[in-house]
Amino acid sequence: MPVVCISKDGRVDEAIKLLHKPDFPPEAIALLEKVAASLPGMIFQFRQQPDGLLFVSYVSSGSLAVCELEPETIQADWQKFYQLIHPQDINSFTTTLGVAFATLKPWHWEGRIITPSGKIKWIQAACQLETQVNGEIIGDGLAIDITDRKQTEEKLRASEARYQAILDAIPDLMFRMSRDGEYLDLKGEGAIALTKEEIVGKNMRDLLPNDIALIGQETITKTLDAGTLQTCEYQLPTPAGIRDYEARLVVSGPDEVLAIVRDITERKQAETSLRNLAQKFSKAFSCSPDPITISTLNEGRFIEVNDSFVRLSGYEQDEVIGHTAFELKIWNNKSDRNQLLDQLQTNGAIRNLEFAFRRKSGELLTTLLSADVIDLDGVPCILAINHDITARKQAEAQMRLAAQRDRLLTETLVRIRSSLNLEEILQTTVTEVRQFLQADRVFIGLNDYEVKAKTVAESVDSRYPSILGWTSEDKNYLQELKTILTTHRVRVVDDISQITASPKLKAHYQKFQTKATLAVPIMLGEELFGALIANQCSGPRHWQPIEIDLVLQLSEQLAIAIQQVRLYQELAQLNANLEHQVEERTAQLQQKMQELETLQKVKDVVLHTVAHDLRTSVMGNLMVFKNLLQNQEAGVQGCRGAEGKSSSLPFCSSAPLPENPHSGSSYPVSIPSSMIERMIQGNERQLGMINALLEIHSFIEQGVVLQRQQVHFNTLLESIIPDLQPLLEQNQATLENLVSADLPLVMADATQLQRVLLTLLIYSLQNNPPGLHFCLNATVEAGMIRIQIEHNGVAISKLDCDRFFDLYVRDPQAPCSTILGLKMYLSRQIIQAHGGEIDVISRSQRGLTFWFTLPVAS
């Protein structure tokens with residue numbers, strides 16, 4: 001059983017002694033246990049064995065109050081207490097305990113624990129350590145709950161911080177002053193121009209004007225003598241102008257006061273503004289165009305009203321003051337007053353509450369009420385402003401009607417534009433117009449060429465007779481109706497009984513129970529299509545301008561719809577006629593195309609047959625002429641070999657033999673070689689032209705047939721140029737090959753490319769004098785090889801360049817002959833079949849540049 005000695009503040013002052021003596025009286029032990037139970041805390045004893053093992057040998061019953069744990073629980077496992085220590089205080093607990101064990105000095109610790117019920121408590125623990133003979137360390141101590149003290153200290157610190165913050169937050173100057181006016185100390189040094197050193201120790205008379213110093217001295221004396229708060233106000237000149245100040249003085253010590261000085265310039269200005277505002281409010285109250293009233297909150301009794309309220313209500317002031325709105329029957333609905341009070345109680349103010357306001361005459365107006373609760377001499381009152389919005393509400397109603405009218409017009413216009421079903425358009429129109437007008441009957445009558453007039457669409461209240469399908473064969477009555485409709489742009493009758501009408505018209509009104517009518521003719525130009533008519537059967541009715549405007553505009557749209565349907569019917573008839581004509585023309589065209597196709601086949605057969613026959617004939621002529629030329633040359637050589645001898649060869653005779661007209665044979669005739677050569681050249685040209693025509697025909701029918709191979713273009717040129725060399729030498733021309741050897745591969749037909757190059761060279765040689773120079777070059781551009789053939793010969797016109805490779809009938813005097821023109825066309829077909837393009841560029845005074853492209857092999 002540990003013994004402790006507790007000081008007045010609850011700390012352990014002396015070491016705790018353990019009583020283990022066997023002769024210690026049991027009565028003393030019981031007494032000590034009673035003392036321990038009465039102590040305000042938990043007495044404990046623990047032992048640390050030499051091996052470091054720690055266990056608790058005793059805990060008093062105060063553990064329940066301190067940590068909500070039974071003594072036996074802690075004695076069985078002291079870690080139960082350790083687990084209650086706040087995580088932020090475990091480090092200090094273990095550190096201080098470790099130091100105590102190491103130094104055997106008394107252990108002191110303050111920290112928080114979290115009890116099993118979740119409470120956070122501050123605990124103060126202390127113990128005395130003592131080493132035993134066997135090496136054990138025994139600790140006897142006391143742990144007490146200091147939560148209340150900690151909370152008090154925390155509140156005290158918070159209170160001090162709060163008061164300090166309040167003091168720091170006070171913007172006023174504070175001075176400690178003696179009875180004779182000397183400055184002892186100050187706060188708020190930055191609020192004045194002088195420093196603290198320049199003020200403390202000085203007297204008011206040294207720093208303030210004499211009159212202000214005198215007022216201050218009198219106030220100090222009065223404060224010290226009376227011992228109560230004293231105030232004074234004064235003005236001081238400053239760099240910013242004259243400022244107003246208020247000084248509050250209280251006794252702060254013997255012959256010493258604390259003066260709190262506040263700049264009240266803004267307050268003074270606000271008071272002045274408030275007085276001015278009160279004057280303005282009084283004027284605004286009297287002159288406001290809106291009615292303003294002041295009434296008591298509880299009863300609603302009027303205290304003051306302005307002239308605008310008198311004009312709005314119709315009551316005089318003496319009829320209003322002292323009475324309530326209920327007594328004057330201003331509230332049309334008593335619930336509006338209750339709603340006003342509820343909102344004022346909830347929000348303290350109300351804005352734009354719409355309610356019905358009854359005038360003295362009984363007329364009902366619509367007003368917006370805004371109100372605030374004010375205090376007049378301690379009596380809660382309502383300051384209310386009424387704004388008459390009757391005219392605005394009427395305008396809004398008109399705007400809603402206008403919006404409905406515009407919607408109806410828009411929908412009708414959309415129906416007219418999107419539909420050609422006239423019956424649907426007319427029926428929907430009368431239905432929606434009746435709904436808009438709230439009329440008893442709306443119908444549409446149209447002119448009919450057979451029966452003159454007929455009602456074709458109607459919307460009617462079931463209580464009244466229907467006029468749908470009505471017609472009349474009375475021409476005089478129909479003419480009367482037509483005259484009425486065409487004479488008046490709109491016929492407005494508010495009361496049928498008040499107008500003059502023919503007996504037939506009156507009978508018509510009586511038959512269909514018509515009391516008021518609004519009729520508008522449906523016209524387009526001068527043509528009358530019919531009429532749009534609204535009837536009121538329940539009684540007379542005043543037709544509003546917006547209603548009349550709607551019916552007028554709808555009549556215009558209906559006229560357009562009727563004309564549109566008629567035009568559509570006419571157009572449908574025209575379309576039917578046109579379709580019939582198109583079918584006839586199509587049949588004729590198909591017949592002509594069949595005839596043309598037959599003629600085309602005949603032309604192809606004739607062209608093919610004639611070309612082949614001509615080709616055969618020309619080839620036969622060529623064979624004859626060539627044989628004749630060879631024989632003649634052989635004969636001449638024979639004559640020359642047998643010179644001086646007689647010869648029987650007819651070609652050696654200097655004179656031709658006459659032809660025997662009676663025999664079936666002719667004698668040989670001498671023909672010059674030059675003539676035979678010209679005939680051969682002419683036949684060769686004809687043969688070339690025929691071959692070109694046949695090839696063009698083949699290209700058109702079957703396309704260009706190519707035998708393409710993947711080759712180097714430079715290698716291709718090297719195989720082609722030797723075949724061109726004789727032609728160049730014959731014309732004294734030169735060819736410079738600048739094509740690079742490292743060009744990519746191309747897919748090309750060497751034979752066809754040779755034809756193209758030969759055609760371009762022949763054209764250039766035939767149309768230029770001898771000595772022409774050619775330059776051949778090639779570049780790679782965007783996956784294509786571009787080949788250029790330039791010469792320094794004669795240029796051609798832009799027109800000739802543009803159609804150089806076209807197929808057309810050429811002028812006999814043109815530089816490019818017909819056969820060359822055909823071959824140029826064939827050259828373009830060949831290049832395009834390769835996937836390239838070909839063209840010519842004329843360079844002024846520098847000859848021509850032919851170019852064509854070939855795709856690079858992939």
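The model is predicted.

- Five strands make up an open sheet, ordered 14-13-17-16-15, with antiparallel pairing.
- Strand 14 (302-305) and strand 15 (349-358) are the edges, each pairing on one side only.
- Ignoring direction, neighbouring strands are turned by 30° against each other on average.
- Strand 13 (residues 292-296) and strand 17 (residues 379-388) run antiparallel and are joined by five bridges.
- Across from I294 stands L383 in strand 17.

**Helices across the sheet**
- Helix 10 (residues 265-287) lies across strand 13, strand 14 and strand 17. Its direction is about 105° to strand 13.
- Helix 13 (residues 334-347) lies across strand 13, strand 15, strand 16 and strand 17. Its direction is about 175° to strand 15.

**L369 in strand 16**
- L369 sits in strand 16 (residues 364-376).
- L369 counts as buried because its relative accessibility is 4%, and the cut-off is under 20%.
- Beyond residues up to four places away in sequence, L369 touches W331, L340, I350, R351, N352, L353, F355, A384, I385 and N386.
- E354 is 15 residues away along the chain from L369, and their C-alpha atoms are separated by 6.3 Å.

**Helix 20 against helix 21**
- Helix 20 (residues 713-730) and helix 21 (residues 750-766) pack at about 40°, with axes 10 Å apart.
- Their crossing is right-handed.
- Helix 20 contributes L716, L717, I720, D723, L724 and L727. These meet residues of helix 21 including L753, Q754, L757 and L761.
- By class, this contact has 12 nonpolar, one polar and one charged residues.

**Helix 15**
- Helix 15 (residues 422-437) has 16 residues, so at 1.5 Å a residue it should span 22 Å. Its end C-alpha atoms are 22 Å apart, in agreement.
- Its buried residues include L422, I425, L426, V430, E432 and F436.
- Q438 follows helix 15 and has a positive phi, near 55°.

**L706 in a loop**
- L706 belongs to the loop between helix 19 (673-702) and strand 23 (709-712).
- Buried or exposed? L706 is buried, because its relative accessible area is 19% and the cut-off is under 20%.
- Setting aside neighbours within four places in sequence, L706 contacts D749, Q752, A833 and H834.
- L706 and A748 are 42 residues apart along the chain, with their C-alpha atoms separated by 7.9 Å.

Key:
Residues are numbered from 1 along each chain as its sequence is written. This is a predicted model: local features need pLDDT of at least 70, side-chain atom pairs count only at pLDDT 80 or more; totals for chains, interfaces and linings use all residues. Side-chain values use heavy atoms; hydrogens and water are left out. Helices (H or I, at least four residues) and strands (E, at least two) are DSSP runs, numbered from the N terminus. Buried means under 20% relative accessible area, exposed over 50%, partly exposed in between (1.4 Å probe, protein chains only). Contact means heavy atoms within 4.5 Å. The expected span of a helix is 1.5 Å times one less than its number of residues. Axes are lines fitted to C-alpha atoms, for helices over the stretch in contact, and angles run from 0 to 180 degrees between N-to-C directions. A crossing is left-handed if the near helix is turned anticlockwise from the far one by less than a right angle, and right-handed if clockwise. Ala, Val, Leu, Ile, Met, Phe, Trp, Tyr, Cys and Pro count as nonpolar, Asp, Glu, Lys and Arg as charged, and the others, Gly among them, as polar. Two strands pair if DSSP finds at least two bridges between them.
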